[in-house]
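Trainee: Before I rely on the labels in this report, I would like to hear how each one is reached. Could we go through them one at a time?

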Amino acid sequence: MIKVEWLYWLIGAVFVVMAAQMAADRSNPRRWTSAAFWGLLGLTFPYGTGVADATAKNGGWTLPAEPLGVAVLALIVLAGFNFLGKGVPVTTTGEQREASAARLGNKIFIPALTIPVVAIVCASVLDESGLFESGKATLLGLGLGCVVALVVGMLVTGEKKLSVPVHSGRSMLEAMGSALLLPQLLAVLGSIFAAAGVGTEVGGIVNDVLPDGSKYLAVIAYCVGMFLFTVIMGNAFAAFPVMTAAIGWPVLIQQMHGNEPAVLALGMLAGFAGTLCTPMAANFNIVPATLLELKDQYGPIKAQLPTGVALLGCCTLIMAFFAF
């Protein structure tokens, strides 16, 4: 059986290898601290398995959780004080890239398409085969798809050295920086808010303010709240448990008998509208601007803002008139 932890170990190993490359790159003025950040992050993956096993008391490793917490604090210090840098990427010339693009044509998309194809096959065909850990076929299929896509990409381009895609990946990793981790951190923040009872407190405030039986105001509060919390946290999945525990479930569904799938789906979509309008969603809005070397770092947000606001309005209207 292929376990999901093996995928996490592979991801950690990739970070460690790229950290070693950074340490050896003298063109990076902050090579040692950059290597420390990504190497430490990579080591947390296998170490985290030991902590999880010890917590579950399933006979696995017995590793204490405190060093993992110290590692997280160290990562925060390294990223927060801007100790990450990037070297000069070793790449081909513009003429060579143009010639390669002309030679490959649309075949360059084959590796990218390989990832979803493998993931779909694993999730739909191999889920019940016993090959993958129960309930993890989709995630493992995604990881397996990335590995297969790497092999396919090397075959399509005729590249024979594994070090070339690894170096290219490391250059992209340096360009993205610590923003790569922001979605995961914000998702965890949403779980912390839910466990701390923030949704319950917000729900109490809303109930005190909203008039009894005011369906339309409750819908507006839920959709706009999802939008604003997503703007603040950068992740609709982080905002969803907070606002649903506050308004979506107790008010719109239990009190006003709203259609559960419709209310919750439209609420999540209102949160996605907020994703279009916030720099906190770094992987969607800031990282692409950096990779594409746009003059305006906030250009994607400015272009998406009208769509986000319009989408919020549509979600609110559809929920108000068709979800009850």
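Trainee: Why is Phe15 called buried?

Mentor: Phe15 has a relative accessibility of 11%. Buried means under 20% relative accessible area, exposed means over 50%, and partly exposed is the range in between, with a 1.4 Å probe and protein chains only. The value for Phe15 is 11%, so Phe15 counts as buried.

Trainee: What kind of model do these values come from?

Mentor: This is a predicted model, in which local features need pLDDT of at least 70 and side-chain atom pairs count only at pLDDT 80 or more, while totals for chains, interfaces and linings use all residues. Residues are numbered from 1 along each chain as its sequence is written, and side-chain values use heavy atoms, with hydrogens and water left out.

Trainee: How many aromatic pairs are there?

Mentor: The structure holds 6 aromatic pairs. One of them joins Phe15 and Trp38, with 5.6 Å from centre to centre and 20 degrees between the planes. Phe15 belongs to helix 1 (residues 4–24) and Trp38 to helix 2 (residues 31–56), and the two are 23 residues apart, so the pair links distant parts of the chain. A helix here is a DSSP run of H or I with at least four residues, a strand is a run of E with at least two, and both are numbered from the N terminus.

Trainee: What makes Phe15 and Trp38 a stacked pair?

Mentor: Rings of Phe, Tyr and Trp (its six-membered ring) pair if their centres lie within 6.5 Å; planes under 30 degrees apart are stacked, over 60 edge-to-face, and the rest tilted. The distance of 5.6 Å qualifies Phe15 and Trp38 as a pair, and the angle of 20 degrees makes the pair stacked. Trp38 is buried as well, at 2% relative accessible area.

Trainee: Why is the pair of Phe15 and Phe45 called tilted?

Mentor: Their ring centres are 6.0 Å apart and their planes stand at 35 degrees, so the pair counts as tilted. Phe15 in helix 1 and Phe45 in helix 2 are 30 residues apart. Phe45 has 23% relative accessibility and therefore counts as partly exposed. One aromatic cluster takes in Phe15, Phe37, Trp38 and Phe45.

Trainee: What makes a set of residues a nonpolar core?

Mentor: The members are buried Ala, Val, Leu, Ile, Met, Phe, Trp, Tyr and Cys residues joined through side-chain atoms within 4.5 Å. The largest such core has 31 residues, and among those with the most contacts inside it are Tyr222, Phe229 and Met319. Two or more residues each come from helix 9 (198–209), helix 10 (215–233), helix 11 (236–255), helix 12 (260–275) and helix 15 (299–322). Helix 11 gives the most, with 9 residues. A second, separate core of 14 residues includes Ala23, Ala35, Leu41 and Leu84.

Trainee: How do helix 11 and helix 12 pack?

Mentor: Helix 11 and helix 12 pack at about 145 degrees, with their axes 10 Å apart. Axes are lines fitted to C-alpha atoms, for helices over the stretch in contact, and angles run from 0 to 180 degrees between N-to-C directions. The residues of this contact divide into 10 nonpolar, 4 polar and 1 charged. Nonpolar covers Ala, Val, Leu, Ile, Met, Phe, Trp, Tyr, Cys and Pro; charged covers Asp, Glu, Lys and Arg; the others, Gly among them, are polar.

Trainee: Why is Phe83 called partly exposed?

Mentor: The relative accessible area of Phe83 is 35%, so Phe83 is partly exposed. Phe83 lies in the loop between helix 3 (66–80) and helix 4 (94–104). Arg30 is 53 residues from Phe83 in sequence, yet their C-alpha atoms are 6.6 Å apart.

Trainee: And for the chain, how many helices and strands are there?

Mentor: The chain has 15 helices and 0 strands. Of its 324 residues, 35% count as buried.
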